[in-house]
Amino acid sequence: MSTLIHESAHRLAEMMAVGDITCEEVTRAHLERITEAEDQIHAFLYVDADRAMDTSRRVDAKRRSGEPMGPLAGVPIGVKDVFTYAGAPTTCASKILEGWHPPYTATVVQRMIDADMVIVGKTNMDEFAMGSSTENSAYGPTHNPWALDRIPGGSGGGSAAALAGFEVPLSVGSDTGGSIRQPAAVTGTVGVKPTYGSSSRYGLVAMASSLDQPGPCARNVLDAALLHQVMSGHDPKDSTSIDASGPDVVTAARSRDVTGMKIGVVKEFGGEGYAPGVERSFREAVAGLASAGAEIVEVSCPHFPAALGAYYLIMPSEVSSNLARFDAMRYGLRVGDDGTTSAEQVMRLSRGAGFGAEVKRRIILGTYALSSGYYDAYYGSAQKVRTLVIQDFSNAFCQVDVLVSPTTPTTAFKLGERIDDPMAMYKADLCTIPSNLAGNVSASFPAGLSAEDGLPVGFQVMAPPMRDDLVYRVGSGLEALLEDRWGGPLWTLMKEEGR
């Protein structure tokens with residue numbers, strides 16, 4: 001096994017820039033690792049090996065010709081299978097889109113291509129991004145490289161597991177209620193949900209349009225920031241795209257200095273329901289930031305606990321609307337069209353066969369919440385709670401620079417443990433949902449390993465909209481503290497244990 005798979009993305013880019021290695025060598029090493037590890041991890045739904053190797057050769061030729069190259073040129077990356085990529089299947093891990101090849105490429109994916117990055121394939125996910133464990137994929141679950149009997153988080157478990165399993169140094173995900181941050185927490189990686197509208201949703205198959213946001217996934221803070229920089233920027237194809245330049249996240253990721261920052265600990269995120277090992281690692285991380293010069297303040301956000309219920313009314317309502325387009329009339333699975341059935345029957349049969357149980361559950365719930373006589377009682381009330389959550393954030397950011405909490409109440413639970421208990425599954429997103437409702441930036445960084453089970457714990461940092469640099473600054477400071485304690489980053493422990 002090549003040692004190149006253990007290098008960070010920025011280190012690989014540096015080595016390629018000075019000619020120590022070629023992009024072809026880097027790409028081949030990661031494709032070989034994918035071949036070796038996929039039987040156990042199942043992080044990918046599609047591996048685009050031939051096109052990846054062709055791209056690597058073009059990148060090498062471009063470098064030899066002296067053309068300017070970006071900071072991540074030649075670095076391999078995995079793309080969550082909710083983003084379109086012309087020439088490759090996009091299934092959203094659903095049978096209803098099996099075999100569909102989109103004729104266009106998502107903006108964030110095109111920006112990676114334009115930055116000379118090498119897309120190696122599409123990663124596994126919960127069907128249409130609905131889930132917290134990647135067990136809802138129609139093509140089988142992904143396994144957590146830290147413990148193969150554990151979930152890798154969801155819905156973007158494939159993107160996170162591919163990092164933790166050293167199959168790629170970078171990946172991209174989408175975050176609707178924690179689908180980047182929660183997998184990052186349970187796999188010991190870094191996941192960032194940028195400010196809503198700062199990275200384009202064009203070509204991202206919509207789950208809940210007011211909540212979905214593409215974001216970077218990496219093994220360290222600087223790599224995430226470099227990818228964040230590549231992905232971000234205004235896109236006229238996306239009506240929700242912010243027409244303004246974002247902050248310098250790369251400089252923030254390099255700073256490793258939290259001196260003078262006011263960090264607010266969310267009072268409501270802790271206590272009953274939180275694993276002792278998670279709370280202990282979180283408290284130790286907070287104490288470390290205090291020792292590094294940050295001022296720690298306890299902050300109350302009284303409406304945050306109600307965000308979970310509001311989310312599970314708003315999100316299904318948008319799901320009901322967005323997934324209505326999968327009607328078997330234009331593309332995707334078509335069942336029962338034998339010449340004797342009506343269009344309505346074909347639609348019903350196709351949606352029944354193509355959608356999984358969790359997708360059907362959310363469509364039914366959302367349709368009910370939007371129905372006549374119930375709209376104000378359910379959807380309307382949930383939107384009022386959303387406004388209160390936004391006000392909580394606004395009030396808190398008048399007192400502190402950032403808010404922090406555990407990313408998840410527990411470490412990675414076992415595969416199958418919650419699959420038949422939707423309410424227990426939904427609680428995995430308890431801490432991450434408020435930031436999606438408010439649209440502000442939020443990220444998960446490794447906070448160590450739980451003393452209970454030796455599994456990774458995530459540390460969530462939340463900052464005001466368009467202050468994405470603040471989460472990277474705190475993340476880099478925390479990363480520096482942990483490296484001092486362990487003699488290296490968390491992913492080094494993964495390498496040392498043979499993962």
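This briefing describes the nonpolar cores, several individual residues, a surface patch and the salt bridges of the structure above. The model is a predicted one. Its largest nonpolar core has 136 residues, and helix H10 gives the most to this core, with 9 residues. The structure also holds 21 salt bridges, some of which share partners and join Glu-24, Arg-28, Asp-54 and Arg-57 into one network.

- In soluble globular proteins, nonpolar side chains tend to be buried together.
- Within the largest core, which has 136 residues, those with the most contacts inside it are Phe-128, Leu-403, Phe-459 and Tyr-472.
- The contribution of helix H10 to this core is 9 residues, the most that is given to it, while a second, separate core of 10 residues includes Val-186, Ala-412, Met-425 and Ala-428.
- Helix H10 runs over residues 307-322 and reaches 22 Å from its first C-alpha to its last, close to the 22 Å expected at 1.5 Å a residue; 14 of its 16 residues are buried, and the helix is thus mostly covered.
- Leaving aside neighbours within four places in sequence, Tyr-472 is in contact with residues that include Val-192, Pro-216, His-228, Val-249 and Phe-445.

- Cys-217 lies in strand S6, which spans residues 214-218, and it counts as buried because its relative accessibility is 6%, under the 20% cut-off.
- Not counting residues up to four places away in sequence, Cys-217 touches Ser-159, Leu-163, Leu-170, Ser-171, Val-172, Gly-173, Ile-180, Val-190 and Leu-227; of these contacts, Ser-159 is 58 residues apart from Cys-217 in sequence and 7.3 Å apart in space, C-alpha to C-alpha.
- Asp-81 is placed in the loop between strand S2 (76-80) and helix H4 (107-114), and with 2% relative accessibility this residue counts as buried.
- The residues that Asp-81 touches, not counting those up to four places away in sequence, include Leu-45, Pro-89, Cys-92, Lys-122 and Met-125.
- Val-59 lies in helix H3, residues 49-64, and is buried, with a relative accessible area of 3%.
- Not counting residues up to four places away in sequence, Val-59 touches Cys-23, Met-69, Gly-74 and Asp-116, whereas the C-alpha atoms of Val-59 and Ala-106, 47 residues apart along the chain, are separated by 21 Å.

**A nonpolar patch on the surface**

- Tyr-368, Tyr-374 and Tyr-378 form a nonpolar patch on the surface, and together they have about 280 Å² of accessible area.
- Tyr-378 lies in helix H13, residues 376-396, and is partly exposed, with a relative accessible area of 32%.

**Salt bridges**

- Side chains of opposite charge can pair when their charged atoms come close.
- Glu-24 and Arg-28 meet through their side chains in a salt bridge of 3.0 Å, N to O; because they are 4 residues apart in helix H2 (residues 23-41), about one helical turn separates them.
- Lys-95 forms a salt bridge with Glu-98, in which the closest N and O atoms are 3.8 Å apart; Lys-95 counts as partly exposed at 33% relative accessibility, and Glu-98 is partly exposed at 48%.
- In the salt bridge between Arg-330 and Asp-327, which is 3.0 Å from N to O, Arg-330 counts as exposed at 56% relative accessibility, whereas Asp-327 is buried, with a relative accessible area of 12%.

Technical notes
Residues numbered from 1 in each chain as written. Predicted model: local features only at pLDDT ≥ 70, side-chain atom pairs only at ≥ 80, totals over all residues. Heavy atoms only, no water. Helix = DSSP H or I, 4+ residues; strand = E, 2+ residues; numbered from the N terminus. Expected span 1.5 Å × (residues − 1). Buried < 20%, exposed > 50% of the residue type's maximum accessible area, 1.4 Å probe, protein only. Patch = residues over 30% accessible without salt bridge, like charges linked within 9 Å, V, L, I, M, F, W, Y side chains within 5 Å. Areas by Shrake-Rupley, 256 points an atom, 1.4 Å probe, with all protein chains shown as cover. Salt bridge = Lys/Arg side-chain N within 4 Å of Asp/Glu carboxyl O. Core = buried A, V, L, I, M, F, W, Y, C linked by side-chain atoms within 4.5 Å. Contact = heavy atoms within 4.5 Å.
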